[in-house]
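Hello,

Here is the structure I promised to pass on.

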Amino acid sequence: MASLIAGANAALTMENPGLDHVVVGLGWDAIPSHGPAAELVPFAVMCDAGGQALSNDHLVFFNQLVSADAAVTFAGDADQEQIDVELGRVPEDVAKIVFFVYVDPDVRGRGSFASVRDSHIRVATAENRELVRFDIPATTLDSATAVIFGELYRHRGDWKFRALGQGYSTGLAGVAKDYGIAL
Amino acid sequence: MVNRSSAPRTDLPYLRRRIKPVDPAAAGTASGATDMPSARPPVQPAAPVQSNPAHPAPSASAGLSLSRPSATPSPASSTAPAETADHHSGGLVLGGSRARTSSPAPAAPAPSARPSARPGGLVLGGNTPASPMNPRAQKLAAQREAARVADHEVGLLFAAPGIHDVYELNLQERLLRLTPLESAVGTLVVVGSTAMAWESVRRVVGGADNAGHTAGSPVKTSGNRPLVGYDGQNALITLRHVRELRRAIFINRSSQPMGVRIFSGASVALPPSADGTQMVLLVHRIGNVLELRSEPVPESWEDQQIWQEFDFTMTHQAPVAAYRR
């Protein structure tokens, strides 16, 4: 298992020959609240070489559980959100898959990542053997309402993972604008 | 003659037993042997059994076997183990196929495709392979199946305009449909409604009006917000938990139009009452999309009558004391 820092990358398929299926786990601990709480939503978007979403059918989240090509599947549950990626089924025109988490923009107060601590993203095999992990430093994300956790991307025929930890103060709208998601 | 007409298959362990010398007299006295066609190809019966993983051919090494090895295995029984299973009534079977060697099995090609060849009860020593699906794979398969069903359900719907295509829902433009993303982000805000009712996927039904009166049961979400409820004068649906919603209805008693707005800022209006008819807004979740409908009802109808018309029957919470008995 390798632990990454923001900006670092790790070769997945090159160092693990035969790897064709990974589980991307996104986790966090939120400060408990008896009042309305910030609700975090994990999200995956399949992008082309230009970094734009291929279409809204190439988004995977709790209300669209499988991508159009069935390569990416949302398998979240109560305590840890997981997204399965079958690398062999990812279409060639998908250059990268970006994983982010946004705070649901509820009109009664959306909240931010200030109430979140110990967030992380990890990539594991189908047998749950952890390959890489990125623990996101929480100190820089207090005002963020969306955070890009990391991305899987193609590199010379192989798949690599890059840790990002990039915060957005504009929430889902800001991420959607950058990645061409039609809201 | 039965098992030695071709070169033995040494690569298949279960076929090695078939090259044992066979006493023709024993074969002839075996029950049912007289019905066995003499020209039957020797290896054909077993081949399809091996090719079907759901009914693999029994082998001496497979599974738990509590039976005593047969001293004189008859060729008939060794070639048709699955056929003998027809005579088992479907209870506990110990010993797998080898215990059947003494039974008067009719010799016939192994019927690999016959469902009756599988005993109905617990079989110890049988040959059913372990399920290759681990719990995580099963969960993933379940998710895929759920998504496939949801997509199939949405695929059956007739074409409908989106919220960007419709300015007003009225008697002519009765319906619009949100996308999965529009149905899931933020809050669906209904401005101008005076009463509403909701129903969750667990058939919890409740109602409220903008004066603060409530009926039935609320549906709380994990974010400590109601699934559907009033916030001031606006009625809200918490779309983060849209999968818990089955439907909701919004009634407008005022002289102003009712408006619906989603996270992207897109909105649609419903006209106020006119000519003795009022338009109510019905929000249905179908798979992973929300459908917004305008339904005309007589203006004279009370809220309860409208709820009744659309089959919103309020559920009542049992008093806490009821659980202490």
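Which residue of chain B forms a salt bridge with A:D106? The partner is B:R225, and the closest N and O atoms are 3.8 Å apart. Bear in mind that this is a predicted model.

**The interface**

Two salt bridges are counted between chain A and chain B. Polar contacts across the interface come to 13 residue pairs, with both residues at pLDDT 80 or more. On the side of chain A that touches chain B, at least two residues come from each of β3 (21-30), β4 (40-47), β6 (72-74), β7 (81-86) and α1 (171-179). β4(A) gives the most, with three residues. By type, that side of chain A splits into 23 nonpolar, 10 polar and eight charged residues.

Chain A puts 41 residues into the contact, and chain B puts in 33. About 3100 Å² is buried between the two chains. Carbon and sulfur atoms give 52% of that area. Look at A:E39, A:N63 and A:R108: they supply 23% of what chain A buries against chain B, more than any other three residues.

**Chain B by itself**

Chain B has six helices and 14 strands. Of its 325 residues, 41% are buried. Take the contacts in chain B between residues at least 6 apart in sequence: 65% of them join residues at least 24 apart. The accessible surface of chain B is about 17200 Å², and carbon and sulfur atoms account for 55% of it.

Best wishes

Technical notes
Residues numbered from 1 in each chain as written. Chains lettered and ligands numbered in written order. Predicted model: local features only at pLDDT ≥ 70, side-chain atom pairs only at ≥ 80, totals over all residues. Heavy atoms only, no water. Contact = heavy atoms within 4.5 Å. Buried area = accessible area lost by both parts, 1.4 Å probe. Salt bridge = Lys/Arg side-chain N within 4 Å of Asp/Glu carboxyl O. Polar contact = N/O pair within 3.5 Å; in protein donor to acceptor, adjacent residues only side chain to side chain. Helix = DSSP H or I, 4+ residues; strand = E, 2+ residues; numbered from the N terminus. Nonpolar A, V, L, I, M, F, W, Y, C, P; charged D, E, K, R; others polar. Buried < 20%, exposed > 50% of the residue type's maximum accessible area, 1.4 Å probe, protein only. Areas by Shrake-Rupley, 256 points an atom, 1.4 Å probe, with all protein chains shown as cover.
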